[in-house]
Amino acid sequence: MKPTQTRRITSEHTADAVSIWRDGGLVAFPTETVYGLGADATNDHAVARIYEAKGRPSFNPLIVHFAELDDVKAQVIWSDQAEVLSKAFWPGPLTMVLPLADGSKMSKLVSAGLPSLAVRMPAHPVARALLRDFGGGIAAPSANRSGQISPTRSDHVLATLDGRIEAVVEGGACDEGLESTIIGLTDTPTILRPGTITRAQIEQVLGQPVAIREEAGAISAPGQLASHYAPNARMRLNATDWHDGETRLGFGDVDCDLNLSSTGDLTEAAASLFAHLHDLDAKGAKVIAVSPIPDKGLGRAINDRLGRAAAPRPDDQV
Ligand code: TXA
Ligand code: MG
């Protein structure tokens, strides 16, 4: 791939980022969950470049981000369930997978050939300003090389994408720190990826039980999970004691090298998880042993990411 000089754009200069998008370029930008790697969702060439920059298998579809509800509704078949969920959680960290509308202008590469589209309206003020100025859908996976830890600061983006994308817009540290909750609405409502909006919150708003796709959150069987969110270090989960040579990532009132939340607060742990994994990798940790995290509410989303980070890596098989 031809090398690109990656610029840092401050949040006052969003017009520069928008003009790069209009020209088919790639700009990473902050959202309340993680930084996204954005491109014009209607532009086949620009979307193809996302897959190339990430090194992502092209069958893995992308989320499209919007500022305005009317723009979302033009691309998907809207439903009553989508309406109540959007009223309750948008703008915010919820992605809905809906049937693609006949007249959708999205590049076919965005949904990787599926008859559905994942849509989200982020709450981060910089993301909203960018999307409003752009005036359409921006396809954006997390702004990291495929399989690696998601970025919650602009430095994390540059760590793996410098020279592969045109720019990153500065927006400080992401508040939520975990990717959005994804709910599939093409059939019975099903959580496809746990996130900071919990199943209980969604069930309350929909007034009905919601399924969870089985492998999501299956920390008891990391062998079933595709490796993802992986640091360079190996991971040992549910560590109640520490072995020699391990770097200790604690939760709650434990003696450790770095703590996700010394008070046992799951929101704080979610916000710091990826940043702590980045920091421990930078320090050259070989094995990261992680304290048990309660598997309820937001803990379920944290355990989902930890389970994938600990899953066998492709190079383990050779
Ligand atoms: O918080 C987030 O959602 C971040 C920020 C940047 O918005 N984005 C993000 O994107 O996490 P990404 O590409 O890393 O994850 C997208 C997930 C993938 O697991 C993909 O399989 C799923 O969404 N997805 C996208 N379109 C889908 C579809 N049509 N049907 C089912 N799953 C879909
Ligand atoms: Mg990702």
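This is a predicted model: local features need pLDDT of at least 70, side-chain atom pairs count only at pLDDT 80 or more; totals for chains, interfaces and linings use all residues.
Leaving out residues up to four places away in sequence, Arg56 touches Tyr51, Pro141 and Ser146. Arg56 is found in the loop that lies between helix H2 (44-54) and strand S4 (63-65). It counts as partly exposed because it has 17 C-beta neighbours inside 10 Å, a number between the limits of 12 or fewer for exposed and 20 or more for buried.

Remain in the loop between H2 and S4 and select Asn60. Asn60 has 12 C-beta neighbours inside 10 Å and therefore counts as exposed.

Next, select Tyr229, in the loop between strand S11 (211-212) and S12. Although Tyr229 is not a glycine, its phi is positive, at about 55 degrees. Tyr229 is buried, because 24 other C-beta atoms lie within 10 Å.

**A second set of annotated residues**

UniProt, again in an unreviewed entry, lists Thr33, His65, Arg120, Ala140, Ser142 and Ser180 for "binding site". Select these residues together: they are spread over 148 residues of sequence, yet they cluster in space, with a largest C-alpha distance of 13.2 Å.

His65 is found in strand S4 and counts as buried, because it has 29 C-beta neighbours inside 10 Å. Apart from residues up to four places away in sequence, His65 touches Gly36, Arg120, Pro122, Ala127, Leu131, Gly137, Ile138 and Ala140.

Ser142 lies in the loop between strand S7 (138-139) and helix H6 (154-161). With 25 C-beta neighbours inside 10 Å, Ser142 also counts as buried. When neighbours within four places in sequence are set aside, its contacts are Val34, Tyr35, Gly36, Ser150, Pro151 and Glu179.

**The ligand**

Now select ligand 1 and display its surroundings. The ligand is surrounded by 24 residues, of which the closest are Thr33, Gly36, Pro61, Ala118 and Pro141. By class, this shell has 12 nonpolar, nine polar and three charged residues.

Which strands each supply at least two residues of the shell? They are strand S5 (94-99), strand S6 (116-120) and strand S10 (190-193). S6 gives the most, with four residues.

**A cis peptide bond**

Move to Trp90 and Pro91, which are joined by a cis peptide bond with omega at about -10 degrees. Pro91 lies in the loop between helix H4 (80-89) and S5.

**The open sheet**

Select the four strands that form an open sheet in the order S12-S15-S13-S14, with parallel pairing. At its edges are strand S12 (234-236) and strand S14 (258-259), each of which pairs on one side only.

Within this sheet, strand S13 (residues 246-250) and S14 run parallel and are joined by two bridges. Leu249 stands opposite Leu258 in S14.

The last stop is Asn238, in the loop between S12 and S13. Asn238 is not a glycine, but it has a positive phi of about 55 degrees. With 14 other C-beta atoms within 10 Å, Asn238 is partly exposed.

Definitions and conventions
Residues are numbered from 1 along each chain as its sequence is written. Chains are lettered from A and ligands numbered from 1 in the order in which they are written. A residue is near a molecule or strand if its C-beta atom, placed from the backbone, lies within 6 Å of it. Ala, Val, Leu, Ile, Met, Phe, Trp, Tyr, Cys and Pro count as nonpolar, Asp, Glu, Lys and Arg as charged, and the others, Gly among them, as polar. Two strands pair if DSSP finds at least two bridges between them. Two residues are in contact if their C-beta atoms, placed from the backbone, lie within 7 Å. UniProt positions are given in the numbering used here, feature names are shortened, and annotations may be inferred rather than shown by experiment.
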